[in-house]
Amino acid sequence: MRQTGGVVDGDRNVLALPQAPDAIELRHLRAFVAVAEDLSFSRAAQRLFITQPALSRQIRSLERFVGCDLFRRSTQRVDLTLAGESLLARARALLADLDDAISSTRSVGGELAGRMALLWEPWALASAGDADLDGIRAAVEELHGKFTPPPGVTVAPVIAGGVPALRVTPENPPDACVLYLHGGGYISGSAFGYRHLAGAIAATAQASALVVDYRLAPEHPHPAAVHDAMNAYLWLLAAGTDASKIIIAGDSSGGGLAMSLLLALRERDIPLPAGAVLLCPWVDLEGRTQRPPQESPALFPPELARRCAEAYLGGQPVDDPTLDPLHADLSRLPPILAGSGDAVRQENQLLAKHGKECGIDARISIYPVPTHAFHIFWTFLPEAMDALREIGQFIHDITDTPADTASGQA
């Protein structure tokens, strides 16, 4: 007897098996597993880099397709129904097999490395040799223009203490705020370009973000960028944001600027933020420690770092303590989390070591991605997504904003 879409029982009768509705998408199953594992919609939303309302819609869609409730919800807790328990193990196995297949395929084809190299290519070409400033700036915007903020995140322009900025806000955020300082070697980059990365951090941390369009060198050398960052920070305080709810974050040169801001705030006895998040921070303007990885193209080579540093310093010596966090007194600074894996890895490790010697909570996580500022590839790079999850948890911990109570929902 030929069988199609069924099995044969002991009496040789064909038992038809119901098939999964074609409308069920992988994102529905991933959303279900994330909520089932955490028994929390807010924590699951952070893991998936989506807003809580968007996650709820995906769960409702899945329940509609399978025809039964998978969770019991109340204002205090979330529990699996018997139907949800039945689906969980099978969904986990299905997703694990699929992820393994995709991972193996990408490993063989080098898809992720190739994709990053292709995205970096305009920057690499523009910054090679006698780099043209306009070309570098255009290449940075072209790179970031390939990405958009996560769904459910709104972007609005503001003037923060006289400084142009963008406020990036997920749905129903708590009162925590990330003051984001973009990278670009102090000579390029913009708040508009970096709104996608700031949005991803805001979504995973369930916090708002203020992305500062600080002035760039060489037109505006140091300390213009520090003054702009300071004014934006003071604006947040004046607007009623408590310092204990503010996190300073930045990538590459933005990470170095974040350290300069922390030191400048402490020097002026201004209330310090809850902490700082540094993404592949460039903190050694003298280039004493930079070591481009052998297994990756030097996208931020020492010669380019030297030219950027010269433009930023504008002839000033690197003897201002706010410019050299590797040797400055870091005592009394708030907790710092750095993530790296590329040419600035050694200086990042030295920064964490120096911070601990100064008595502060300074940590570094090394990710096996030798490209600079790998966090910008959060839409497709697993290590970047892992790093953002770590950042989100760090922000929750230091601002004392538990994930379950951040939005007032279970």
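**Exercise 1.** In which loop does Tyr-186 lie? Then describe its backbone and its burial.

*Solution.* A word on the model first: it is predicted, so local features need pLDDT of at least 70 and side-chain atom pairs count only at pLDDT 80 or more, while totals for chains, interfaces and linings use all residues. Residues are numbered from 1 along each chain as its sequence is written, and side-chain values use heavy atoms, with hydrogens and water left out.

Step 1: Tyr-186 is found in the loop between strand 7 (177–181) and helix 7 (195–205). Helices (H or I, at least four residues) and strands (E, at least two) are DSSP runs, numbered from the N terminus.

Step 2: Most residues other than glycine have a negative phi, and most peptide bonds are trans. Tyr-186 is not a glycine, yet its phi is positive, about 70°.

Step 3: With a relative accessible area of 3%, Tyr-186 is buried (buried means under 20%, exposed over 50%, partly exposed in between; 1.4 Å probe, protein chains only).

**Exercise 2.** Describe how the axes of helix 1 and helix 3 cross.

*Solution.* Step 1: Two packed helices are described by the angle between their axes and the distance between the axes. Axes are lines fitted to C-alpha atoms, for helices over the stretch in contact, and angles run from 0 to 180 degrees between N-to-C directions.

Step 1: The axes of helix 1 (residues 26–38) and helix 3 (residues 52–66) come within 9 Å and cross at roughly 110°.

Step 2: Helix 1 and helix 3 are therefore roughly perpendicular to each other (under 35 degrees is roughly parallel, over 145 roughly antiparallel, 65 to 115 roughly perpendicular, the rest oblique).

Step 3: The contact (heavy atoms within 4.5 Å) includes Phe-32 and Val-35 of helix 1 and Leu-62 and Phe-65 of helix 3.
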